[in-house]
Amino acid sequence: KQVQQVKAEIDRHQIVSPLNGRIMDIMREKGEWVEAGKVVFRVIGISKLKAEGFVDSKFVSDNLNGSKVQLLVVMSNGKEETFSGKIKFVSDEVDPVNQQVRFWAEIDNLNQRLNPGKRGRLIISP
C-alpha cells in the first residue's frame, strides 16, 4: 500500500505533455512551485509541419486542395531530402498586385529530420 501511495505522489508531481514533440521554451526552474494550469514549458509538435507558399492564380483549380506535394529541402549535410504531404488550405483571395494565391500544405515529418522554419521548394503533383 505504501508503494502505491508513493507512486501516486510521484505521479501528482510529474508534468506530461499531451503533445509528442520538442520542448522549445522552459518558463519555470526545476523544483519551483507551480500552480495548476500555469504554463511550464512550450512544446511544438514536429511529426507534421506546415509549409506555406504562393502559387500563380492561373494554376489554381477547385481540386488543388488535397493535392499531393513534395517538399525538397537542402539539409545541413548539403544533401537534398524529399518530404511528402498534402495541400490542406487554398485561399479564395487573389493578390491584386502579383495575381498569386496563398496556400499551405501539411508535411509528414515522422522521422523528425525536418526542422520548423527550414526553407525548401514545394512541388505540387497534378
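A contact is a pair of residues with heavy atoms within 4.5 Å. Among contacts in the protein between residues at least 6 apart in sequence, those joining residues at least 24 apart make up 55%.

The model is predicted, with local features requiring pLDDT of at least 70 and side-chain atom pairs counted only at pLDDT 80 or more, while totals for chains, interfaces and linings use all residues. Residues are numbered from 1 along each chain as its sequence is written, and side-chain values use heavy atoms, without hydrogens and water.

**Overall form**

A compact globule of 126 residues would come near 14 Å, whereas the protein has 21 Å. Along the principal axes, the C-alpha atoms fill a box of roughly 70 × 35 × 25 Å.

Of the 126 residues, 21% are buried; buried means under 20% relative accessible area, exposed over 50%, and partly exposed in between (1.4 Å probe, protein chains only).

**Salt bridges**

A salt bridge places a side-chain nitrogen of Lys or Arg within 4 Å of a carboxyl oxygen of Asp or Glu.

| Pair | N to O distance |
|---|---|
| Asp25 and Arg42 | 2.8 Å |
| Glu106 and Lys48 | 3.9 Å |
| Lys50 and Glu52 | 3.8 Å |

Asp25 forms a salt bridge with Arg42. Asp25 belongs to strand E1 (residues 22-26) and Arg42 to strand E2 (residues 41-44), so this pair ties together parts 17 residues apart in sequence. Asp25 is partly exposed at 34% relative accessible area, and Arg42 is partly exposed at 40%.

A second salt bridge joins Glu106 and Lys48. Because Glu106 lies in strand E6 (residues 100-108) and Lys48 in strand E3 (residues 48-56), the pair ties together parts that are 58 residues apart in sequence. Glu106 is partly exposed, with 32% relative accessibility, and Lys48 is partly exposed, with a relative accessible area of 43%. Through shared partners, salt bridges join Lys48, Glu106 and Asp108 into one network.

Methods: Helix = DSSP H or I, 4+ residues; strand = E, 2+ residues; numbered from the N terminus. Rg over C-alpha atoms; globule rule 2.2 N^0.38 Å.
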